[in-house]
Amino acid sequence: MRILGIESSCDETAIGIVEDGRKLLSNVVSSQVEIHARYGGIVPEVASRQHVLAILPIYHQALELARTRPQDLDAIAVTNGPGLAGSLLVGLNFAKGLALSLGMPLLGMNHMEGHIYAFWLEDAPDPSKEPGFPLIILLASGGHTELVLMSNHGQYRLLGKTRDDSAGEAFDKAARLLGLGFPGGPEIQRAAAGAKSSEPFTPPMLHEGGLDFSFSGLKTALVRRVQDTPVPVVGPFAAGFQRSVVEVLVTKTLQAVGIHGARGVILGGGVAANSLLREQMQARAPVPVLLPRPGLCTDNGAMVAAAAAFRYGSALPRTGYGLDLDAIPSLKIDDVPGGYQTLRT
Ligand SMILES: Nc1ncnc2c1ncn2[C@@H]1O[C@H](COP(=O)(O)OP(=O)(O)OP(=O)(O)O)[C@@H](O)[C@H]1O
Ligand SMILES: [Mg+2]
C-alpha cells in the first residue's frame with residue numbers, strides 16, 4: 001500500500017511517499033526558511049504564495065525518487081490542520097485535485113498526528129521493539145508544546161499544553177535575542193555545544209501548573225539577564241536557556257509517564273531534534289524512549305503519509321468529507337480525525 005502525503009501547514013512544502021506505513025520511498029521538503037529569516041518569523045501571506053510555487057515540482061520529484069507512477073498510489077493524504085489557513089489550503093486543494101483526477105481516496109490528516117507517526121517511519125521496521133500502549137507523547141514544535149496520552153493507534157487525550165509560547169517559539173525568540181539565526185532551535189543547540197560554561201536559568205513552572213508548560217517567563221528572564229550583563233557571552237546564555245527548557249520538558253513528560261503507567265515515550269515535532277532533550281529523556285526515563293530520526297522531526301510529507309496508513313489500513317474512525325474536506329487551522333490532537341472518503345468522479 002503506497003500513500004502519498006502532502007504537508008503545507010506552515011513554511012515547508014513537503015511531499016513524501018510511504019509504503020505500508022513504515023517504508024520511506026521518498027520525502028521531498030522545500031523549506032522557505034531563508035525567505036522568512038529576513039523577517040525573523042513566518043509571514044503567512046508569503047508562505048502561501050511560496051507553497052503555490054513549490055508544490056507541483058515537489059510532487060514530480062517525490063514520484064521520481066520513489067520510482068512510482070501516480071496510478072501505483074493507493075491513497076492521497078493531506079494535512080488539513082492545524083496550521084496557517086492560507087498555507088493549508090494550498091496543500092488541500094492540490095490533494096483534492098490529485099485524488100479527483102486519479103480516482104483515489106483522500107485522507108485529511110492532523111499535522112500533530114503526523115509528528116507522532118514520524119517515529120513509526122523506519123526503513124527497516126522492527127515492530128517487536130515497540131513497547132505497546134499506553135504511550136506518553138511529547139509534542140514540542142514551533143506552534144505546540146503538548147503532552148498527549150496515546151492509548152492506541154489514533155486514540156489521543158490531551159494531558160497538558162503550554163499556556164503561552166511553545167518550546168520552539170521560545171528557542172526562536174531566545175536565538176533572536178542572542179543575535180543568532182532563524183530557526184532558533186538548531187542555532188541555540190550549536191552555540192550551547194561550543195560553550196565552556198552555562199548561565200543558570202530556573203526551569204519555568206517546573207513544580208506547578210500540573211502537566212502544563214509556560215515559556216514566556218523564561219524568555220523575559222533571558223531578556224533581563226542579557227540587559228544586566230555588561231558583555232553577555234552567547235554560548236553560556238544559549239547553554240543555560242537550552243538546559244532550562246529541556247529540564248521542564250523531561251520532568252513533566254516523566255511525571256505523565258508515572259501518572260498514567262505509560263509503557264513508553266514518543267517525542268515528536270521540531271524540538272524533538274534537540275540532542276540534549278533526546279539524551280536527557282533517554283537517560284532519565286524508566287521506559288523506552290522512541291525517537292524519530294532528527295531529519296524527520298521537523299515538518300515533512302512522509303510523516304503525514306505514515307499517520308494516514310494507520311487509519312487507511314485499519315478500522316480507525318474515518319469521517320467522510322470528500323471534496324468538502326476543509327482546512328481547520330485550530331484542529332486539536334483529540335478532535336475527530338480529519339476525514340476519509342473515496343471521491344466520486
Ligand atoms: N535542534 C533543535 N533544538 C531545538 N529546537 C529545534 C531544533 N530543530 C528545530 N527546532 C525548532 O522546531 C521548530 C520547528 O518545528 P516544526 O517544523 O515541527 O514546527 P511547525 O510545524 O512550525 O509547528 P507545528 O508543528 O506546531 O505546527 C522551530 O521552532 C525550531 O526552532
Ligand atoms: Mg510541525
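Visitor: Where is Pro 134 found?

Guide: The model is a predicted one. In it, Pro 134 is found in the loop between helix 4 and strand 6.

Visitor: What makes the peptide bond that joins Phe 133 and Pro 134 a cis bond?

Guide: The angle omega is the value to look at, and for the bond between Phe 133 and Pro 134 omega is about 0 degrees. Pro 183 belongs to the loop between helix 5 and helix 6.

Visitor: What is said of phi of Arg 67?

Guide: Phi of Arg 67 is near 50 degrees, which is a positive value in a residue other than glycine. Arg 67 is located in the loop between helix 2 (44-65) and strand 4 (75-81).

Visitor: Into which domains is the protein chain divided?

Guide: Domain 1 covers 2-119 + 297-340, and domain 2 covers 129-291. Their C-alpha centres lie 26 Å apart. The contact takes 19 residues from domain 1 and 25 residues from domain 2. On the side of domain 1 that touches domain 2, the elements that give two or more residues are helix 1 (33-37), helix 4 (111-117) and helix 11 (301-312). Helix 4 gives the most, with three residues. By class, this side of domain 1 has twelve nonpolar, four polar and three charged residues.

Visitor: Why is ligand 1 said to lie between domain 1 and domain 2?

Guide: Both domains give residues to the shell around ligand 1, and therefore ligand 1 lies between them.

Visitor: Which residues come nearest to ligand 1?

Guide: Of the 23 residues around ligand 1, those that come nearest are Gly 142, Gly 143, Gly 168, Gly 185 and Gly 270. Helix 5 (167-177) and helix 6 (184-193) each supply at least two residues of the shell. The largest share, four residues, comes from helix 6.

Visitor: How do the residues of the shell around ligand 1 divide into nonpolar, polar and charged?

Guide: The shell has six nonpolar, 15 polar and two charged residues. Gly counts as polar, so the five glycines named above, Gly 142, Gly 143, Gly 168, Gly 185 and Gly 270, belong to the polar class.

Visitor: What makes strand 8 and strand 10 edge strands?

Guide: The open sheet has five strands in the order 8-7-6-9-10, with mixed pairing. Strand 8 (155-161) and strand 10 (289-290) each pair on one side only, and they are the edge strands.

Visitor: How many bridges are there between strand 7 and strand 8, and in what sense do the two pair?

Guide: Strand 7 (residues 145-152) and strand 8 pair in the antiparallel sense over six bridges.

Visitor: Which strands does helix 8 lie across?

Guide: Helix 8 lies across strand 6 (135-140), strand 7, strand 8 and strand 9 (264-268). Helix 8 runs at about 155 degrees to strand 6.

Visitor: How is the packing of two helices described?

Guide: One gives the angle between the axes and the distance between the axes. For helix 6 and helix 8, the angle is about 115 degrees and the axes are 7 Å apart. The crossing of helix 6 with helix 8 is left-handed. Ile 188, Gln 189, Ala 191 and Ala 192 in helix 6 meet residues of helix 8, among them Val 234, Ala 238 and Phe 241. The contact has seven nonpolar, three polar and no charged residues.

Visitor: At roughly what angle do the axes of helix 8 and helix 9 cross?

Guide: The axes of helix 8 (residues 234-260) and helix 9 (residues 275-284) cross at roughly 35 degrees and come within 10 Å. This crossing is right-handed. The residues of the contact include Val 246 and Leu 249 of helix 8 and Leu 277 and Arg 284 of helix 9. They divide into seven nonpolar, three polar and one charged. Arg counts as charged, so Arg 284 of helix 9 is the charged residue of this contact.

Note on methods
Residues are numbered from 1 along each chain as its sequence is written. Chains are lettered from A and ligands numbered from 1 in the order in which they are written. This is a predicted model: local features need pLDDT of at least 70, side-chain atom pairs count only at pLDDT 80 or more; totals for chains, interfaces and linings use all residues. Axes are lines fitted to C-alpha atoms, for helices over the stretch in contact, and angles run from 0 to 180 degrees between N-to-C directions. A crossing is left-handed if the near helix is turned anticlockwise from the far one by less than a right angle, and right-handed if clockwise. Two residues are in contact if their C-beta atoms, placed from the backbone, lie within 7 Å. Domain bounds come from an automatic or database domain assignment. A residue is near a molecule or strand if its C-beta atom, placed from the backbone, lies within 6 Å of it. Two strands pair if DSSP finds at least two bridges between them.
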